[in-house]
Amino acid sequence: MNEHFPSKIGLSQQFSCSYLPEQKEQLLVILDPNCYSPDRFEQLLALGFRRSGDQIYRPHCPACSACQSVRVLTQEFKPSKSQKRKRNKLKQDYQLIISHQERPEYYPLYEKYISLRHSDGSMYPPNRLQYESFLFCRWMNIIFIELWHKDKLIAVAVTDSMPYSLSAIYTFFDPEYESLSIGTIMIMAQLEQAAKQNKPYLYLGYQIDDCKKMRYKTQFVPAQKLVKDIWQDIDPDASQPCA
């Protein structure tokens, strides 16, 4: 496969885009079973693909190219003053833990997060089948970065682990702790984990400039985005200020 697309690719039907409602979304789906391994998937990540559950896909929309993959250069990342302040909110009662298997506490936390934070989205109402088919994968090495407050689990970052990179799949957390800026804290935890493992990239998924909910992804620099199949450096001065 190397730098080229695999030969067996499917094309989904068009459906309404969940990020830009005025647009129609369509996906390229990998059909080649040889691509479904961590090392092969890592090559596809560099080509703008992503996974949902066991499936590998990439947007291929008929009239829109707004989705751009973003990856942070982990060895060069230095947190901003704002990010440091958010990280410093975690006092001695908070602890980050790396787990290699799912815990029973995960699903109730996920259910609470979707119900209270995303009741207007396509993932509501949550259920266990949706949770498992979205986050987990039979062929991927997954780590779970957990944030605990004393003996209470308050956040989980589901993270794919490959030979040379990590990929942030999804973070869910207890909305009662929203003031901690948990989304930022969990990305920083993923960056720290990648740096410890000497993995040069953390993939953050797709950036859509016109979608305000996604602008946080450009706040972690130095970083690159995939534009017309070429990785380009993100200008930090062009990013929106951190909230």
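Begin with the charged side chains: select the 30 positive and 27 negative ones, and note that the centres of the two sets lie 4 Å apart. Here Lys and Arg count as positive and Asp and Glu as negative, while His and the chain ends are not counted; each charge is placed at NZ of Lys, CZ of Arg, CG of Asp or CD of Glu.

This is a predicted model, in which local features need pLDDT of at least 70 and side-chain atom pairs count only at pLDDT 80 or more, whereas totals for chains, interfaces and linings use all residues. Residues are numbered from 1 along each chain as its sequence is written, and side-chain values use heavy atoms, with hydrogens and water left out.

Next, display the chain as a cartoon, which shows 5 helices and 14 strands; these are DSSP runs numbered from the N terminus, helices being H or I of at least four residues and strands E of at least two. Buried residues (under 20% relative accessible area with a 1.4 Å probe, protein chains only; exposed is over 50%, partly exposed in between) make up 49% of the 243 residues.

Now select Leu135, Phe172 and Ile182, the residues with the most contacts inside the largest nonpolar core, which has 48 residues. A nonpolar core is a set of buried Ala, Val, Leu, Ile, Met, Phe, Trp, Tyr and Cys residues joined through side-chain atoms within 4.5 Å. Among the elements that give two or more residues to this core are α3 (106-117), α4 (128-135), β11 (165-173) and α5. A second, separate core of 14 residues includes Val72, Met188, Ala194 and Ala223.

Return to Leu135 and show its surroundings. Beyond its neighbours within four places in sequence, Leu135 is in contact (heavy atoms within 4.5 Å) with Arg51, Tyr110, Ile142, Val158, Ile169, Tyr170 and Phe172.

Move to Thr184 in helix α5 (residues 182-196). Is Thr184 buried or exposed? Thr184 is buried, because its relative accessible area is 16%. Not counting residues up to four places away in sequence, Thr184 touches Gln83, Lys86 and Phe220.

Finally, inspect the backbone. Most residues other than glycine have a negative phi, and most peptide bonds are trans. Select Tyr124 and Pro125, joined by a cis peptide bond with omega of about -5°; Pro125 lies in the loop between α3 and α4. Another cis peptide bond joins Val221 and Pro222, with omega of about 5°. Lys150, in the loop between β9 and β10, has a positive phi near 55°. Lys150 is exposed, with a relative accessible area of 58%. Ser181 also has a positive phi near 55°, and is found in the loop between β11 and α5.
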